Amino acid sequence: MQAFSLKGKTALITGASYGIGFAIATGLAKAGAKIAFNDINQELVDRGLAAYEAAGIEVRGYVCDVTDESAVQALVAAIERDIAPIDILVNNAGIIRRVPMHEMEEQVFRQVIDIDLIAPFIVAKAVLPGMMARRKGKIINICSLTSELGRETVSAYASAKGGLKMLTKNIASEYGQYNIQCNGIGPGYIATPQTAPLREKQPDGSPHPFDSFIVAKTPANRWGTPEDMMGPAVFLASEASDFVNGHILYVDGGILSYVGKQP
Ligand code: NAP
Ligand code: GCO
């Protein structure tokens, strides 16, 4: 179906050297998009370039700290120069710090908000003028099931992802008139380096209790994979979703809909 094609489109995926961002960039490329990605340092960019090459995906990689507005403005200009104006932005870069809130240093809380909420604002702000001029654009913010639910030790992260949900809805509200759609993808629990500590085997080789908990709490009875994000991202990046705006698409195996099995 032509509506799902991304031929002729240029996409920027932030923080996409590995994990969910890498999978989304790969999916968008397979749907026809030209891909640009950034990461925080040259080592990660080089690692990403090698991984994309191994996967047969043509990309351009850039070093850029998404919290640095002037660096982000320069990144957008470089992509326009090297490839083309950006049609699709995926705000994927993020961090998490797991600390009980009463023990969390203010600087750590601020760092998480900076990267997970303020940076998506900075990058979206950088691409919006071009999208407005062309009267067309797609912005996809990578939220989280913690945009809806909290848990111990993730106060900063959940606050950022809850804010990112509302930033998504506000961009949709303010820029829908320019035929710009802004939606979110809310992954559930996904097997990436970010969640590796939650899946580490116990010394006796048994599963991490949190691992068992998530598998039991997810109707799909499994952790998600980065590849599970590919199809939802292609949908939200394509013309197939031109009348979908301000929506957070939870890709969570059903965890947000399920009370959980009786232990
Ligand atoms: P991740 O470890 O969160 O990867 C994020 C990427 O962004 C990493 O390459 C990271 O670099 C990079 N990054 C961090 N700060 C940056 C900055 N200031 N500028 C540029 N790049 C920066 O891995 P992930 O699990 O694939 O997560 C991707 C996104 O999905 C994140 O937004 C995350 O919050 C979200 N998410 C993840 C899950 C999950 O279960 N894994 C679920 C829901 C949502 P470093 O390696 O140096 O940190
Ligand atoms: C955690 C996890 C989650 C996931 C994800 C869930 O510590 O609870 O890291 O926050 O990363 O965001 O959607």
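**Reading the fold**

Reply: Starting at the N terminus, the elements of the chain follow the order β-α-β-α-β-α-β-α-β-α-β-α-α-β. Altogether that gives seven helices and seven strands. Please keep in mind that this is a predicted model.

Me: What makes the chain agree with a compact globule?
Reply: For 263 residues, the rule puts the radius of gyration of a compact globule near 18 Å, and the chain has 18 Å, so the two agree. The C-alpha trace spans about 55 × 45 × 40 Å along its principal axes.

Me: Why are strand 3 and strand 7 said to stand at the edges?
Reply: The strand order in the open sheet of seven strands is 3-2-1-4-5-6-7, with parallel pairing. Strand 3 (59-63) and strand 7 (248-251) each have a single partner strand, so one side of each has no neighbour in the sheet. From one strand to the next, the twist averages 20°.

Me: How do you know that strand 5 and strand 6 pair?
Reply: Pairing needs at least two bridges. Strand 5 (residues 137-142) and strand 6 (residues 180-187) run parallel and are joined by six bridges, so they pass that cut-off. As one reference point, K138 stands opposite Q181 in strand 6.

Me: Which strands does helix 2 lie across?
Reply: Helix 2 (residues 42-54) lies across strand 2 (34-39) and strand 3, and runs at about 170° to strand 3.

Me: Why is helix 1 called oblique to helix 2?
Reply: Helix 1 (residues 19-30) packs against helix 2 at an angle of about 40°, with the axes 12 Å apart. That angle makes helix 1 oblique to helix 2, because roughly parallel is kept for angles under 35 degrees and roughly perpendicular for 65 to 115. The crossing of helix 1 past helix 2 is right-handed. On the helix 1 side the contact is made by G21, F22, A25 and T26, and on the helix 2 side by G48, A51 and Y52. Sorted by class, the residues of this contact are four nonpolar, three polar and no charged.

Me: And what makes helix 3 oblique to helix 4?
Reply: Between helix 3 (residues 69-82) and helix 4 (residues 106-134) the angle is about 40°, and their axes are 8 Å apart. This makes helix 3 oblique to helix 4, by the cut-off of 35 degrees for roughly parallel. Helix 3 passes helix 4 in a right-handed crossing. From helix 3, E69, V72, Q73, V76 and E80 meet I122, V123, K125, A126, V127 and R134 of helix 4. The residues of this contact comprise six nonpolar, one polar and four charged.

Note on methods. Residues are numbered from 1 along each chain as its sequence is written. Chains are lettered from A and ligands numbered from 1 in the order in which they are written. This is a predicted model: local features need pLDDT of at least 70, side-chain atom pairs count only at pLDDT 80 or more; totals for chains, interfaces and linings use all residues. Side-chain values use heavy atoms; hydrogens and water are left out. Axes are lines fitted to C-alpha atoms, for helices over the stretch in contact, and angles run from 0 to 180 degrees between N-to-C directions. Helices (H or I, at least four residues) and strands (E, at least two) are DSSP runs, numbered from the N terminus. Angles under 35 degrees count as roughly parallel, over 145 as roughly antiparallel, 65 to 115 as roughly perpendicular and the rest as oblique. A crossing is left-handed if the near helix is turned anticlockwise from the far one by less than a right angle, and right-handed if clockwise. Contact means heavy atoms within 4.5 Å. Ala, Val, Leu, Ile, Met, Phe, Trp, Tyr, Cys and Pro count as nonpolar, Asp, Glu, Lys and Arg as charged, and the others, Gly among them, as polar. The radius of gyration is taken over C-alpha atoms; the globule rule is 2.2 Å times the number of residues to the power 0.38.
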